[in-house]
Amino acid sequence: MQRFGSFIRSLLGQTPRSRAPVGPDSVDADFPFANEFAVPTKRIVNTAGYSVELDLTTQVLAIKAPMDKEWDFDYSRDGSSGFTDATLTPTLASTDITAPLSASVLVQKAKLFDDGLYAAVEVVAQEGTGQHAGKARLIASLGRAIADADPSFSQSAQKLLLGAASLGDVHINVPANVQPIVTRGVEEFLADQLRSKPIGFYTWSAQLRKIFQQDRMLQGELDATGVKVIANALQADPVARDTYERQLRLISRLTNPFVMPDIRTVLEAMDRGSVDVPDSDIRFFPPSIAHETNLAKKLFGNAPIPDDFVLVDELIRQIRSGELDLGPTANSGWYDYQTWALEPLVIPERMPEGKRLFLDDEYRKFLLDLFKGALTLTRESHIKQLEVAMCGAAMGAEQEDVFIDIDPALSAEPLPTFYLRRALGYRFIRTVLKDTFGAETLLKLHRLTEVGPVRMSLAEELDDIETLFLGAHVSVSRELGLVPEEVPDSKVSAGDAAARFVSWMRDLNSDPDLDQDLRTMIPVFYDVQRRKTKVWTFLGWSHRAVMISFDQRPRATVRDLNGKVLRHHPDIRWGFLYSQLQYPVTAEIYVDRILDRDEFRKLCDSCGRRSEILKRLDA
C-alpha cells in the first residue's frame with residue numbers, strides 16, 4: 001500500500017441480503033489485529049454454527065450502481081410513463097439511511113460543522129478575543145485616522161473604510177463634508193448584489209450579515225492614493241498594523257491565499273524607506289484563490305465562454321488528466337485541504353484503496369455527483385472570502401439447502417482516503433485557530449448554528465469531528481484489508497477512533513445536523529459577455545440502488561465452534577449487500593439574480609424535481 005506518512009508529517013450469481021439499519025450490528029464481521037497499524041489480513045464470520053476465517057489479502061469488492069433514474073408512472077399528462085428525474089428530498093433525515101453508510105451523511109455532518117466553525121470565527125475575529133484585537137477595533141482606528149483628512153487626496157480610502165464601517169456597524173464620527181462620499185460608496189456597493197448580498201450561513205443573523213457586507217466592501221478597489229493613505233495610518237499605529245497583519249494571516253489560512261496583493265506589500269516597502277506605491281491592484285482585504293476560479297480565468301479570462309462549457313466538468317477532467325494537482329502546498333489554506341479531500345471521488349483508482357475495489361461506470365458517476373455536491377457545499381462555507389471571477393468577454397428462487405452465507409462487510413462507502421484527508425483538514429484548521437486566538441481562547445469558543453451556539457467548546461468539537469473522520473478511515477480500511485494510516489501525534493488510538501465512528505452511527509437518528517436543509521445557490525464567476533452569473537446549485541438529495549459483491553473472493557477456512565478445521569462443510573454462498581445510498585443533486589447554470597438560502601429553497605419546494613427547478617430558474 002502506498003503510504004501518506006511522510007506527506008502527513010510535512011503537512012502536518014448471488015443472493016441479495018436485505019438492507020439493515022446503520023449500526024454496529026449491521027456488520028457481522030470481526031477484524032482481529034495484533035497491532036493497530038498492521039495489515040488486517042483476517043476477517044472472522046460466525047454463522048450457522050461455523051466460524052469462517054477469511055483471508056482479506058485476496059479480496060476485491062465490486063460496487064455497482066445499476067440505475068440512476070426512477071420509474072415514474074406520472075411522467076406526463078397524457079398517461080404515458082417512463083424514466084424521469086429522481087425525486088428530491090430537502091434533508092437526509094427524510095431518507096432511509098441504511099448500511100453501508102453513504103459518504104453523503106458524513107459530508108452533511110462536515111458541512112454543518114464547517115459552517116458553524118466559520119461563523120464563530122467570523123464573530124470573534126470581528127469583536128476580538130484572546131491574542132486578536134478584532135476587525136472592528138482595526139476599522140475604527142483607521143477610520144478615525146482618515147475621517148478628518150482632505151477628501152481631495154483620501155477619498156478612495158474614506159469611501160472604502162468608512163463605508164465598510166457603516167455596513168459593519170462600527171461607529172466613527174464622519175465629518176459632514178465626507179459623509180456624501182461615504183454614502184455614495186455604500187450605495188454603489190449595495191447596488192451590486194453579486195458583491196453585497198449575504199448568502200450561506202451569513203443569513204443566520206444580523207451580525208453575520210453586517211460582517212459579510214463590511215468585509216466584501218473591504219475587498220473593493222483602492223486607487224494608489226487611497227492605498228498610501230491607509231498604509232500611512234497603519235504604519236503610524238503599531239497595534240492596528242499588528243491586528244491587520246494578524247487578520248490577513250487568519251483569512252489566508254482559514255480560506256486560501258489571496259488573488260491580489262494586500263497593503264502589507266506597501267508597508268514592507270515603506271519599512272525599507274521607499275515612498276513609491278506599487279502599481280499593482282492592491283486591496284485592503286483581497287479575495288482568496290480557488291482551483292475552480294483559477295481554471296475559469298485561465299480558460300476564459302478574456303475570451304467568450306462556449307454555450308456548452310461546464311466548469312465543474314472541466315475541473316474533473318483536469319484532475320483525471322493530471323493537469324490539475326489538488327495537493328496542498330505550504331501556503332494552502334483550509335479550502336485547499338477540503339478540496340484535496342474530495343480528490344478520491346474523482347480518481348478512486350489511484351488511491352490506496354483502488355487495488356481492493358472494482359467500481360462500475362455508474363458508481364463512478366455516483367462518486368462524481370458526490371464530488372460536485374460536496375465541492376458546492378464547501379465553496380458556500382467560504383463564499384464571502386472566495387473570489388467570484390470575471391470571465392468571458394433478476395433474482396433466483398430461494399433454496400432450502402444449508403449454506404454458509406458470507407456477505408461483504410462495509411460499515412460505510414469504501415472511501416478511506418477521503419475520510420482521512422477530511423480528518424487532516426480539521427487538524428490543520430485547529431492549528432490555525434490556536435495560532436490566531438490562543439489555545440485557552442479556543443476552549444472558550446463555541447460553534448454557531450442558525451439558532452445559537454452549541455454547548456460543547458469548539459476545541460472539543462474539533463477533536464471529536466477529526467476523530468469521527470479518522471474512525472471512518474480506520475473502520476473502512478480494515479474492512480478492505482488495508483493498513484489504516486498512522487496520523488502522527490493523534491490524540492486517540494485507531495481503535496478508539498473506530499469506536500467513536502461506530503458509536504456515532506448507532507445514534508444517527510439523534511444527530512440534529514442530519515435534519516438540516518443544505519439547498520443553496522453559490523456564484524462561481526460572472527460572465528461579462530452574457531451579463532449573467534454562473535452558479536453552482538445544490539438542489540437536495542436523492543438515492544441510488546447500489547450492490548456490493550465479491551469481485552475476487554477471499555480465501556476461506558471453515559472451523560467448527562471448537563476451532564477444528566473442517567474439510568467437509570456446507571457450501572459457502574457468496575452474497576452481496578444491497579443498499580440505497582444518498583447522493584447530492586447539483587447543477588451548474590447561468591442566472592440573472594443570486595438567491596439566498598431562503599429564496600432558493602422556496603423555489604425548490606414549489607417544484608420537486610431537478611428538471612422542474614432548472615426550468616423555473618431559466619425562466
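Is F285 buried or exposed? F285 is buried, as its relative accessible area is 1%; buried denotes under 20% relative accessible area, exposed over 50% and partly exposed in between, with a 1.4 Å probe and protein chains only. This is a predicted model, in which local features need pLDDT of at least 70 and side-chain atom pairs count only at pLDDT 80 or more, while totals for chains, interfaces and linings use all residues. Residues are numbered from 1 along each chain as its sequence is written, and side-chain values use heavy atoms, with hydrogens and water left out.

**Aromatic pairs**

- The structure contains 19 aromatic pairs (rings of Phe, Tyr and Trp, the last by its six-membered ring, with centres within 6.5 Å; planes under 30 degrees apart are stacked, over 60 edge-to-face and the rest tilted).
- Y118 and F201 form a tilted pair, at 5.9 Å centre to centre and 45° between the planes.
- This pair links distant parts of the chain, 83 residues apart: Y118 belongs to helix α2 (residues 103–127), and F201 to the loop between α6 (193–196) and α7 (206–218).
- Helices (H or I, at least four residues) are DSSP runs numbered from the N terminus.
- Y118 and F201 are both buried.
- Y244 and F285 form a stacked pair, with 6.1 Å between centres and 10° between planes.
- Y244 lies in helix α9 (residues 238–254) and F285 in the loop between α10 (264–271) and α11 (291–300), so the pair ties together parts 41 residues apart in sequence.
- Y244 counts as buried because its relative accessibility is 0%.

**Ring cluster**

- Y118, F201, Y202, W204 and F212 are linked into a cluster by ring pairs.

**Charge over a ring**

- The charged end of K534 sits over the ring of Y590, 4.6 Å from the ring centre (NZ of Lys or CZ of Arg within 6 Å of the centre and within 35 degrees of the ring normal).

Methods: Helix = DSSP H or I, 4+ residues; strand = E, 2+ residues; numbered from the N terminus.
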